[in-house]
Amino acid sequence: MSEPVPLQNSSPAPVNTPVTATENVAATTRQAPATDAIVNPQKHRTGLNRVWHATGYSLAGLKAGWHETAFRQEAIASCALIPLAFWLGNSWVETILLAGTVVLVMVVELLNTGIETAIDRIGPEWHDLSKRAKDMGSAAVLLSLLLCMITWGMALWQRVMA
């Protein structure tokens, strides 16, 4: 939300009219004119038009993620792992858990890439908070990978030992 901006009062209050402090503040500080229409047209779209444009932005995000080596490797691995989940899972719950952990890794990788991109946009200089943000994003990817590996390992163990 934008900060209140003082406005020039083009028509001063009549001389004999008392003005309370609340009216004075309300008259001199108003919200800045909405420029969202120019800056972000997505905010004013509704219905299917909004869904259509949001889908385009999501596909652009996937395309941008494809240029990241880690995401590309995970996406290629998912092309093999997700169909394998249907063979390995004994029930729909197991299949969803196996496929879901693979998709979760890709989601977390995209979020990590978004964090790194935003930090890099701020500036290339080293800063402790920037390092912490990038390290936490990397830790999230590590945890999602561990969850995926443990889930798949347990399912494979059950399949082999059964």
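Leaving out neighbours within four places in sequence, Thr95 is in contact with Ala85, Phe86 and Gly89, where contact means heavy atoms within 4.5 Å. Thr95 lies in helix α5, helices (H or I, at least four residues) and strands (E, at least two) being DSSP runs numbered from the N terminus. With a relative accessible area of 8%, Thr95 is buried; buried means under 20% relative accessible area, exposed over 50%, and partly exposed in between, with a 1.4 Å probe and protein chains only.

The model is a predicted one, in which local features need pLDDT of at least 70 and side-chain atom pairs count only at pLDDT 80 or more, while totals for chains, interfaces and linings use all residues. Residues are numbered from 1 along each chain as its sequence is written, and side-chain values use heavy atoms, with hydrogens and water left out.

**The chain as a whole**

The secondary structure comes to six helices and two strands, and along the sequence these follow the pattern β-α-β-α-α-α-α-α. Of the 162 residues in the chain, 19% are buried. Among contacts between residues at least 6 apart in sequence, 60% join residues at least 24 apart. The chain exposes about 12,300 Å², of which carbon and sulfur atoms supply 68%; accessible areas come from the Shrake-Rupley method with a 1.4 Å probe, and for residues only the protein chains shown count as cover.

Val108, in helix α5, counts as buried at 13% relative accessibility. Apart from neighbours within four places in sequence, Val108 is in contact with Ala140, Val141 and Ser144.

In helix α6, Asp135 counts as partly exposed at 39% relative accessibility, and Leu146, which lies in helix α6, counts as partly exposed at 36%.

| Pair | Apart in sequence | C-alpha to C-alpha |
|---|---|---|
| Asp135 and Asn112 | 23 residues | 9.4 Å |
| Leu146 and Thr101 | 45 residues | 9.7 Å |
| Val108 and Leu142 | 34 residues | 9.3 Å |

**The largest pocket**

Rolling a probe the size of a water molecule over the atoms shows where empty space is left. On a 1 Å grid over the protein atoms alone, a pocket is an open set of points with protein on both sides within 12 Å along at least five of seven lines, whereas a cavity is a set of points where a 1.4 Å probe fits but cannot get out; lining residues have an atom within 4 Å of a point. The largest pocket has a volume of about 160 Å³, a volume being the space filled by probe spheres set on the points, which are joined across faces, edges and corners.

The largest pocket is lined by Glu74, Ala77, Ser78, Leu81, Val102, Val105, Leu145, Cys148, Met149 and Trp152. The elements giving two or more residues to this lining are α4 (69-88), α5 (92-122) and α6 (128-161). By class, the lining has eight nonpolar, one polar and one charged residues, where Ala, Val, Leu, Ile, Met, Phe, Trp, Tyr, Cys and Pro count as nonpolar, Asp, Glu, Lys and Arg as charged, and the others, Gly among them, as polar.
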